[in-house]
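I opened this model to look up a few points and note them down in order. The entries follow the order in which I checked them.

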Amino acid sequence: SIYKDLSKIRSEFPVLHQKVNGGPLIYLDNAATTQKPLSVIHAVDEYYQCYNSNIHRGVHHLSQKATLAYEGSRVKIARFINARYSHEIIFNKGTTDGINMMAYCFNKKFLKKGDVVLISAMEHHANIVPWQIFGQENGVELRVVPIDASGELNMDAFRSMLNEKVKLVSVTYVSNTLGTVNPVKEIIKMAHRQNIPVLLDAAQAIAHMAIDVQELDVDFMVFSGHKMYGPTGIGVLYAKETWLEAMPPHQGGGDMIKEVTFERSTYNRLPYKFEAGTPAISSAIGLGVAVDYLEAIGMPEIAAYEHELTAHLIGSLTEIEELRLIGNAKNHAGAASFVISGHHNSDIGELLNQQGIAVRTGHHCTQPLMKIFNIKGTVRASLALYNTHTEIEDFISGLKNAISILKS
Ligand code: PMP
């Protein structure tokens, strides 16, 4: 395995090699955003240094080069998730943008008063608020599948909530707060048995496991480039061709049209119908290079290694007496959340920061989930392919330090 030489992998991430508050940086905030390898940084830099140009319109050399790189990135991403066609990959700003786009487009074409969109209790605000904004005005109801104390989806409840009123199931693949991996294959199968399409929020899954959209038979999937070692400002909506053909565009402007008159316009073919205006060209190109990077290591290898790291992290956390793990799902990936009884999570975060350890504290954009666990927030440590077992040990001793400081 490539993980025999982890120091080589780490050497490709410049940010990791610095001191913070006197200690070597231990970056455990990967669920918020991952660091970028040199190949991605260089690709973005090269675009601006060598062929910065707008895409799709120029007859000139630079524009052709930029178009080839941008469209090449789309092809790489399609292959990465095994989409049938590259025009099923819609570039956008990220997961939030993707769900908002869905909430607008799907709602406009397929939802009416009394219809139901089914989400889960562990959704990120990005998979709650857009449905409220776009759905509420025409009377679309949001219903919430409950979770168990372990932070796992209650599948019996899910089964019983599927009925003819439900027009879309929109759930997260992996919880950004709990690290729960949902049984999405089963969810999709059950929904499809009643002809209900499924949207997956794969923001926290895409960097941690191989995803095959055809094998899952998922209808829609969204994710963010910056959480998979790519640049910010770029993300993807994957959707089956038939859905994309059926939905209206959410934005009008350049690139998305075939013909425009003052009276009416016709729309471009896929994927351009959903990509109005100049996109984040350099970020899209960088994302393609991030995909190259992940494929060179191998998603199965990454998943296996991170599985070990996660087991190490959770095993060590549960040995700490005052600690309450929030979410203890059997199938766990990426993130672990906890609270320390009697102490504010922000104090823990600050004391970790003083030792060069980066974690996130707070509600992690999952306020309704916090309410279910009857807490204000958690401390969250989240992993990436470049974290080490030594870092986990150092994090655990840093955490014990923090607890003893707070107690004294
Ligand atoms: N959904 C989940 C599960 C997430 O973890 C995040 C990012 N924290 C988002 C949606 C939103 O992603 P972005 O901020 O990149 O749009």
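**Helix H11**

I began with helix H11, residues 299-318, and asked whether its length fits its residue count: at 1.5 Å a residue its 20 residues should span 28 Å, and its end C-alpha atoms are 28 Å apart, which agrees. I keep in mind that this is a predicted model. I then listed the buried residues of H11, and found Met299, Ile302, Tyr305, Glu306, Leu309, Thr310, His312, Leu313, Ile314, Ser316 and Leu317. As a reminder to myself, an α-helix has 3.6 residues a turn, so residues three or four places apart point the same way.

**Helix H4**

I turned next to helix H4, residues 95-110, whose 16 residues reach 21 Å from the first C-alpha to the last, close to the 22 Å expected at 1.5 Å a residue. The residues I noted as buried in H4 are Thr95, Gly98, Ile99, Met101, Met102, Ala103, Cys105, Phe106 and Asn107.

**The ligand**

Which residues are around the ligand? I wrote down Thr95, Thr96, His124, Ala126, Thr172, Asn176, Asp201, Ala203, Gln204, Ser224, His226 and Lys227. Sorted by class, this shell has 2 nonpolar, 8 polar and 2 charged residues.

I then looked at side-chain N or O atoms against the ligand: one in threonine 96 is 2.6 Å from a ligand oxygen atom, and one in histidine 226 is 2.7 Å from an oxygen atom of the ligand. The protein covers 86% of the 390 Å² of accessible area that the ligand has on its own.

**Threonine 34**

Threonine 34 lies in the loop between strand S3 (26-27) and helix H2 (38-51). Is threonine 34 buried or exposed? I count threonine 34 as buried because its relative accessible area is 3%, where the cut-off for buried is under 20%.

**The whole chain**

Last, I stepped back to the chain, whose secondary structure comes to 14 helices and 17 strands. With 408 residues, a compact globule would have a radius of gyration near 22 Å, and the chain has 22 Å, which agrees. I also noted that the C-alpha trace spans about 75 × 55 × 35 Å along its principal axes, and that 55% of the 408 residues count as buried.

Technical notes:
Residues numbered from 1 in each chain as written. Predicted model: local features only at pLDDT ≥ 70, side-chain atom pairs only at ≥ 80, totals over all residues. Heavy atoms only, no water. Near = heavy atom within 4 Å. Polar contact = N/O pair within 3.5 Å; in protein donor to acceptor, adjacent residues only side chain to side chain. Areas by Shrake-Rupley, 256 points an atom, 1.4 Å probe, with all protein chains shown as cover. Nonpolar A, V, L, I, M, F, W, Y, C, P; charged D, E, K, R; others polar. Helix = DSSP H or I, 4+ residues; strand = E, 2+ residues; numbered from the N terminus. Expected span 1.5 Å × (residues − 1). Buried < 20%, exposed > 50% of the residue type's maximum accessible area, 1.4 Å probe, protein only. Rg over C-alpha atoms; globule rule 2.2 N^0.38 Å.
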